[in-house]
Amino acid sequence: MDTTGFTEDQVMVRETIDAICSRFPNTYWQRHDLREEDPSAFHAAMAVGGWLGIALPEELGGAGLGISEAVMMMQTITESGAGMAGAQAIHANVYATQPLAKFGSKRQLEDTIPNIISGRWRTCFGVTEPDTGLDTLQLRTTAKKQSDGSYNVTGQKIWITCAQVARKMILLARTAPLETVNEPTKGLSLFCIDLDKDAPGLHMRRIQKMGGRAVDANEVFFDNYKIPADTLIGLEHEGWKIVLHGMNAERCLIAGEALGLGYAALKKAAEYARERVVFQRPIGRNQGVAHPLADAYMHLEAAKLATYHAARLYDNSKRDTSIKQVAIGAAANTAKYLAAEAAFTACERAVMTHGGMGYATEYDVERWLRDCLVPRIAPTPVSTDLLGPKRDDNLIYLAALIRNSAYPVKWDTKSWAGTVANLLMSGQGRPRTDRRWRLALILSTVSLALLTLRFWNITSTILPGTIWPTTVFHDEFDLYKHLGHLSPFFVPSNTPQTLLSGTPPGCTVSKGFLIHRHGSRYPHPDELAVIQSLADYINNNSALFSKPQAQLPDVWSFLIGGWNHTLGTDDLTAPGRKQLFDHGVALRLEYPDLYTETDVLAGDEDRVVESARWFMDGYYGRDSNSTADLELVVENGETVSWITPHETCARWDSSLGEDLLSEWRDVYLPPIRKRINDTLSKAYPGVNFTDAHVHGMLYACAYETAALGVDSSPWCRVFLPEEILKNEYEYDLRMRGFSGYGLPGDMGSVLGSLLVSNATNFLQQDAGPKLSLGFGHDKTIALGLTALGLASDKSYPSTGPVDPDRAWRAAKLMPFAAYMFWKRLDCDEGERIQLVLNGANFDLGPTGCESDEYGSCVFDDFLGTAKVQAARNLTHGDARWKAACH
């Protein structure tokens, strides 16, 4: 989703939540959906960052942000692939706490809010009943006051999300009979109650449902369930006014969640339409496929405006008393309706775009289609009567606001919704002639065409003397996944993509062996010198660059002010520290049964040692130094280690493969240099960037990203996708040349054998710790893959052409913070072994064993393959070692 027009806080929230969600790939949600398991690890991860209190005041321990930021958070969660399960795991903690934060007593706030924000307690929202539906004022659950001030609750609630795992419920119940009050809004009270499943008078039944199956939905039965007097929120009988603060927030959040589902589905559909070739062309080139998706995109964009308008109204009402709850309710229900409809359209069309594969769970769109029915049904349903006019309870609500004197509406003409409403009510704004309708039709058609171009990420080349560009379709391009071994960490697809994710059914992980690369770092001194040469050229020619003679392309405008960098050398960067800390937390949450207090091994190099310590802080907590010992492995020519085996190989040198890099640079850099100089020639006559300068630009893109994060470097924006891909090939050649299949003779397999031997020996042992933690370099992982014959290619020419389907891609195999996690599985039918590389399953079949649909092999079969036996039979200094290294 384009973030143009959003606030800095909203963009910050989106980026931070996206980083958290990246640790929970689609495979995590597929697995929890299939097993109907609560995503407790995700909930815990959100709690660690304090995000459960995003819209709660700072004085209560919250972030002090608004529902606008909370909507962005929920949209980002569903858009990440988590779907409604990810949203429903936490959203009641956001909206249900709004009335509590505003009207709760001091004791309620001090006792409840901090425990919800920390994740210790979870909460649910108890409003919906089986016999009243939207007609909340008619609800039948009662809370009868007793002589001691307590209440006895009797009645039934339904579709209560997360009640099985919740400690608290925000409960709406009738404290005065309906027939005794002069208005139906009176006589309702709101409570914050304990859900004590062992107490008399409380019973729950989980509902088996269609979508969002990772989170529970329940019927909750009360039979004289006793709650204390101090559970009352605000004044007795005034619960309706109080609960609206939660209901309106709920509708804003659910609208955001629907948007995320829709955008996720369209992204997946677009990717598939570009990749799926039928009749010798991508199916996305057919208007019958492209136009429905573009239409769905436009509806999402429109719903996005309504959603964030409603959220802004909600937030502004806290400062502007002229904004009434009824206006917020109108905006929130409008947003929820439009977003639910748009999401359903997008998800349905995504499934249809995939054809038969849209029915397969591995493509996720069927899960999102099931999920997107939730915002259509709850909290107010969207239903279409094919035999008559559309009936929708959101529309009924809005219509009631207009016609019912009990709900007088004064439309806010300062808002777009108010303006449109006034036009509709007065009959103004209608076109005076049919010509306007024809013009509108023409403009709509042009807009659809332009949106189609934008949606399909079409790059254009304007031909001389023409208005319309010729177009070439490209895959949706994320350059940060194509920076080779300098890429920031990301979870790739399984290898091959047809593998299923997760652990095979009937298997549990009994032991794990982890080897982790250090996180993002600053450049090596020789790389920094290339970057500095670029900066010197720009700043030494400031008279040229500060006064362009013609209009500069936007991506180059930063040159006017000159350019400098703040890069150091070699050390771990802030994103690198975060990567390792997050991975430590994620491992602890994903595999709690493997928890081990044992020695941690790390190569004795500053960035590796610091990476290990940040990981330990995430895994063990702040007492990590006293919980586990960090054992350093000296990196020199005398210390034998599987972490740095190349150090004791006399023939190995970091310059191996450099000749191939020079050959490839001679091929790909000159055309880029020419394009850049030609692009800038009118603005900067005489500009003369060299091949070395272009190389510095590419390094600056990668290392400013490593130091400052994604989208931080202006240099990343100046390159075309095909130029980034050619630069990626250079990084791949480098890793292959000095730590992979490009090493001379048998050296790669020999050096990687030490890792394979250590990993398999550890996994074989039944006694001892369940988990081994080791930290090293990209070379460590690369050599291990080479020893097993994994990610190998038949050819890898140093002068091209570049094979886009090559197996050896450093960005996927060994980016910054890469990890290789070997799992021993105890299964119903015996022991198996599985490799997880950077969070994705990696097929072990190429080693010679017979792998299953999860990429795992029978452990004994894997040990019996020729490659594994060769690795386990090697000893440092034996004849095979000497042949490779001396």
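Reply: Cys507 and Cys827 are joined by a disulfide, with 2.0 Å from S to S. The term covers a pair of cysteine sulfur atoms within 2.5 Å. The torsion about this S-S bond is 110°, and the link is right-handed. Cys507 sits in strand β15 (residues 507–517) and Cys827 in strand β19 (residues 819–827), so the bond ties together parts that are 320 residues apart in sequence. Helices (H or I, at least four residues) and strands (E, at least two) are DSSP runs, numbered from the N terminus.

The model is predicted: local features need pLDDT of at least 70, side-chain atom pairs count only at pLDDT 80 or more, and totals for chains, interfaces and linings use all residues. Residues are numbered from 1 along each chain as its sequence is written, and side-chain values use heavy atoms, with hydrogens and water left out.

Cys507 is buried, at 13% relative accessible area. Cys827 also counts as buried, at 15% relative accessibility. Buried means under 20% relative accessible area, exposed over 50%, and partly exposed in between (1.4 Å probe, protein chains only).

Searching the whole structure gives four disulfides. One of them joins Cys649 to Cys885, with the sulfurs 2.2 Å apart. Its torsion about the S-S bond is about -105°, so this disulfide is left-handed. It links distant parts of the chain: Cys649 is in the loop between β17 (630–633) and α20 (658–680), Cys885 is in helix α28 (residues 879–885), and they are 236 residues apart. Cys649 and Cys885 are both buried.

Next comes the disulfide of Cys701 and Cys716, at 2.1 Å from S to S. The torsion about its S-S bond is about 100°, so the link is right-handed. Cys701 lies in helix α21 (residues 691–708) and Cys716 in the loop between α21 and α22 (721–739), so the bond ties together parts that are 15 residues apart in sequence. Cys701 counts as buried at 0% relative accessibility. Cys716 is buried as well, with a relative accessible area of 3%.

Now the pattern. With the bonded cysteines numbered in sequence order, the pairing is 1-5, 2-8, 3-4, 6-7. Cys124 is in no disulfide; the nearest cysteine sulfur belongs to Cys162, 7.9 Å away. Cys124 is buried, with a relative accessible area of 0%. At 0% relative accessibility, Cys372 counts as buried.

Salt bridges also connect parts of the chain. The whole structure holds 43 of them, each a side-chain nitrogen of Lys or Arg within 4 Å of a carboxyl oxygen of Asp or Glu. One pairs Asp582 with Arg23, at 3.6 Å from N to O. This pair links distant parts: Asp582 in helix α17 (residues 574–590) and Arg23 in the loop between α1 (8–21) and α2 (26–35), 559 residues apart. Asp582 and Arg23 are both buried.

Another salt bridge pairs Asp33 with Arg370, at 3.0 Å from N to O. Asp33 is in helix α2 and Arg370 in helix α11 (residues 365–377), so the pair ties together parts that are 337 residues apart in sequence. Asp33 counts as buried, at 6% relative accessibility. Arg370 counts as buried too, at 12% relative accessibility. Shared partners join Asp33, Arg213, Glu366 and Arg370 into one salt-bridge network.

A further salt bridge is between neighbours in number. Arg251 pairs with Glu250, their closest N and O atoms 3.4 Å apart. Arg251 and Glu250 are both buried.

Now the fold as a whole. The chain has 28 helices and 22 strands. Of its 886 residues, 53% are buried. Among contacts (heavy atoms within 4.5 Å) between residues at least 6 apart in sequence, 75% join residues at least 24 apart. The chain exposes about 38,300 Å², with carbon and sulfur atoms supplying 52% of it. Accessible areas come from the Shrake-Rupley method with a 1.4 Å probe; for residues, only the protein chains shown count as cover.
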